[in-house]
Amino acid sequence: MSTSNPMALLIERINTLQDICTESGITNMIDLPQIVVVGGQSCGKSSVLENIVGNDFLPRGVGIVTRRPLILQLIYSKDEYVRFNHSDSTFTDYELVRQEILAETARLIKNKHDVSHVPITLKMYSPHVMTLTLVDLPGLVKVPTNDQPKNIVTRVEEICKRYIVNKNAIIIAVSAATSDIASSDALQLAKTVDPGYERTLGVLTKVDLMDVGTDVVDVLAGRVLSLKLGFIPVVNRGQKDVKQKKSISDAVVDEQRFFETHRAYRRNKAYCGTAYLRTKLTSILYEHIRHTLPELQERVNALIARTQAELDELGVFDLTPKEHVLRTINEITKKFAELLSGTAEHGEELCGGARLSYTMHQSFAAFINNLNALHNMRNDHVRTVMLNASGSSSTLFFSQRAFEMLAKQSIALFKPHVLKLVTVIFTEMVRMMHSVVNTRFARLNDKISCALVDLFKRNSENTTMLVGALLEWNMEYISTRHPDFVRLDELSKIGESKPMEKAPNVKAFDKLPNVLRLDKEISDSEGAEINLVKSLVVSYFDVNRKILLDQVPKAIMCNLVMKSAQQMQEHLFRAVYETEGIEKLCEEDGSIEELRERLKRNLKAMRHAHDLMCSL
Ligand code: GDP
Ligand code: MG
């Protein structure tokens, strides 16, 4: 398509748009329809296509010359050259392009009268075209000749249908003006996929070869067939012109003269010939573009917004390193506090403070509530402790010391879990911290993370000491004064209520063995005492369970969580801000700088593209 045609401005704008898209890595946004040429054998399809493109490159002649679909991708480019999908060579001589098409056709099809659906794809780069795909197809056959395969008629039809069935394709139905238009193969085939002739453009070739006194005025006027896009008469180069190597531009001039001087056409000469065909096609494309423009603009708008957001995310680089670190410290402190208090934005899952609370008040509490005071406290063990505690004095009632020893032993069950809770909360804090430390400077992130882990570790060690002490004083000083501890009057009931099952087994007296263990059998009275002391242990254990469930989370919240949050800003200030080499911390990764520049360029290009679209 030469730039001299009336829609040159459109081509120029579309091409600028394409340029912008290519440069900024946006995938080709303008999806132009494919232009597919169909028609009977030797009616002039390839000639029409060449005239549209403005270049001699297609093999033309008698019989089926085009025997494989030729997908012609016009690609707007500064340089002019041709490439095939099937070869690595670059062509600049159109005579060689033509030879390559013939050679490639022959490479696949051995019988020179046969056809194939396998296309040849040719990319034509040129500053004079807009990026667009045209398809040249083998000619439709009415009756197979002796050399042709019997099924050639349907085979060619099937091949052609593949390309014209696409709703987005524009069908150029070529018919020779010298034959009957009403029975044109091309128009009949087009009707099968485009019944209303909405996207079929009729082209009448060989108008120059019509008998003197006949013309196609009736067809042009739509009196034979009604096509929405109409009919255009053309005169292509004949056999003789081709032999004499007549150029397309000369041919177009002669063609124009033909219509201007022809009695039947001169009145409507503006609607005749190759020049008008080009104009018509361009305006069809223009309509198509206008139709898709609103959606396109929307897409570009969305793209602009997304790129802008991406750019914002990268941050501006207008702060000094010190200012940046200071701002970061404040932001992280604030975000961490928000995460803790639950004012931060969150999705479906628990996060921050809620996770801490769940850990302590749900998982930890459930676990502690499940602990059994009498875990590992078998009766014979209790008896041994009781007897050992009373020493040589024979007691009627167990001693306070036995109870204390057993109580201490049961409370010790809490210890590992309480200490574990501190480390679990510490881990949660580190997790929360990582979710708020995400500046674009890797080194700064690292420095801040390390400093905060130090702070959390320090506070976590203190907390461990505190809860350790809490456990210890409850273990070391067994006091039964707590109001929840079982009352004495209830005690006797407990002792009575559970008599021991078995009577003592009388054994012959013997000397003591080296290691003295009591017999398995426990007397009724011993059993009652054991039950009693166990009940006391359980009661004391429950008292301590309540205390720990109440006090341990408070200790952790106060000494680890809140304290860390409060100290965070000051700690970071000291550990990050007031250190050597703060500039080094804020050195931007080279790739980020590159990315920012690229996004800026893209954004500018897209705004330009948007403006261009508004002007279309
Ligand atoms: P295709 O088989 O449909 O691709 O037809 P071609 O483009 O190869 O043309 C077949 C033959 O008809 C060639 O020799 C062309 O030179 C000739 N031809 C095509 N169109 C015209 C035309 O409008 N006028 C004249 N005189 N010859 C034409
Ligand atoms: Mg052809």
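How are H8 and H9 oriented to each other? I looked this up in a predicted model, where local features need pLDDT of at least 70, side-chain atom pairs count only at pLDDT 80 or more, and totals for chains, interfaces and linings use all residues. Residues are numbered from 1 along each chain as its sequence is written, chains are lettered from A and ligands numbered from 1 in the order written, and side-chain values use heavy atoms, without hydrogens and water.

**Helix pair.** I took helices (H or I, at least four residues) and strands (E, at least two) as DSSP runs, numbered from the N terminus. H8 spans residues 248–261 and H9 residues 273–314; they pack at about 105°, axes 7 Å apart. H8 and H9 are therefore roughly perpendicular (65 to 115 degrees). I noted Ile-248, Val-252, Glu-255, Gln-256 and Phe-259 of H8 meeting Gly-273, Thr-274, Ala-275 and Arg-278 of H9; contact means heavy atoms within 4.5 Å.

**Sheet.** I traced nine strands in an open, mixed sheet, ordered E4-E3-E5-E2-E6-E1-E7-E8-E9. Pairing takes at least two DSSP bridges. E4 (90–91) and E9 (231–233) are the edge strands, each pairing on one side only. E2 (residues 70–76) and E6 (residues 132–136) run antiparallel, joined by five bridges. Leu-70 stands opposite Asp-136 in E6. Helix H2 (residues 45–53) packs on the sheet, and its direction makes about 160° with that of E6.

**Ligand 1.** I found 18 residues around ligand 1; Lys-45, Ser-47, Lys-206, Asn-236 and Arg-237 come nearest. Here a residue counts as near with a heavy atom within 4 Å. I then checked ligand oxygen atoms. A polar side-chain atom of Ser-47 lies 2.6 Å from one. A polar backbone atom of Arg-237 is 2.8 Å from an oxygen atom of ligand 1. For Ser-42, a backbone N or O atom lies 3.1 Å from a ligand 1 oxygen atom.

Note on methods. Axes are lines fitted to C-alpha atoms, for helices over the stretch in contact, and angles run from 0 to 180 degrees between N-to-C directions. Angles under 35 degrees count as roughly parallel, over 145 as roughly antiparallel, 65 to 115 as roughly perpendicular and the rest as oblique. A polar contact is a pair of N or O atoms within 3.5 Å; within protein, one must be able to donate a hydrogen and the other to accept it, and residues adjacent in sequence count only if both atoms are side-chain atoms.
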